Amino acid sequence: MIKLQQIHHVAYRCNDAKETVEFYQKMLNMDFLVAIAEDRVPSTKEPDPYMHLFLDAGNGNILAFFELPTKEKMDRDRNTPEWVQHIAFQVESEEALLAAKAELQEKGLDVLGPTNHGIIKSIYFFDPNGHRLELTCLTGSEAQLAKLKEVAPAMLEEWSQTKRAPKHAAWLHEEEFAEQ
């Protein structure tokens, strides 16, 4: 039986390796861990030069990027709304989240939020490659998290049958939507 320990890394594409490393160092204080560059892809043996970067996202989490200079400039999936695909990082508290928002804005980034998701609060912004980033803090109780886990299978089944949003966890965003 497969027993996973953790995600080793998640890899995305970038347009400029140096710009990407500098952004994550400056904006999120990530440590630049490793750079790997080859003229051929090790797994496929395909001739295709690349730069592969690894950044420390804390607690053993690694965020990686590939710059592929022989390929057409990257773009996001235009069939998917830009709010869907994102990378979320957790901060310690709501106070840390608000401080991060202020710091990112001082550094010149447009930041959306905080958005109250019932069990978390989040802010959103984009990296220079167009990847949407989220900083989030936990605000929910153990009881709320247990309730969400309990109703998840029923919600999935209802969604599978109807393709309409089940209401088992509608309480998560009631406050957020009430503010509109």
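The following legends describe close-up views of a predicted model.

**View 1. The four-stranded open sheet.** The strands are arranged in the order S1-S4-S3-S2, with mixed pairing. Strand S1 (9-14) and strand S2 (31-40) lie at the edges, each pairing on one side only. On average, and with direction ignored, neighbouring strands of this sheet are turned by 20° against each other.

**View 2. Pairing of S1 with S4, and the helix on the sheet.** Six bridges link S1 to strand S4 (residues 62-67) in the parallel sense. Within this view, arginine 13 stands opposite phenylalanine 66 of S4. Helix H1 (residues 17-28) packs on the sheet and touches S1, S2, strand S3 (47-56) and S4. The direction of H1 makes about 10° with that of S3.

**View 3. The hairpin of S6 and S7.** Strand S6 (residues 112-116) and strand S7 (residues 120-126) run antiparallel and are joined by three bridges. Threonine 115 has serine 122 in S7 as its bridge partner. Three residues lie between the strands of the hairpin, where glycine 118 adopts a positive phi near 80°.

**View 4. Helix H2 and its surroundings.** The end C-alpha atoms of helix H2 (residues 94-106) are 18 Å apart, which agrees with the 18 Å that its 13 residues should span at 1.5 Å a residue. Leu97, Ala100, Lys101 and Leu104 are the buried residues of H2. Viewed down the helix axis, these residues fall within an arc of 100°, so they line one face of H2. Their cover includes H1, S6, S7 and strand S8 (132-138). Glu95 and Glu106, on the other side of H2, are exposed. Glycine 108, which follows H2, has a positive phi near 100°.

Terms used. Residues are numbered from 1 along each chain as its sequence is written. This is a predicted model: local features need pLDDT of at least 70, side-chain atom pairs count only at pLDDT 80 or more; totals for chains, interfaces and linings use all residues. Side-chain values use heavy atoms; hydrogens and water are left out. Two strands pair if DSSP finds at least two bridges between them. Helices (H or I, at least four residues) and strands (E, at least two) are DSSP runs, numbered from the N terminus. Axes are lines fitted to C-alpha atoms, for helices over the stretch in contact, and angles run from 0 to 180 degrees between N-to-C directions. Contact means heavy atoms within 4.5 Å. The expected span of a helix is 1.5 Å times one less than its number of residues. Buried means under 20% relative accessible area, exposed over 50%, partly exposed in between (1.4 Å probe, protein chains only). The arc is that of the directions from the helix axis to the C-beta atoms.
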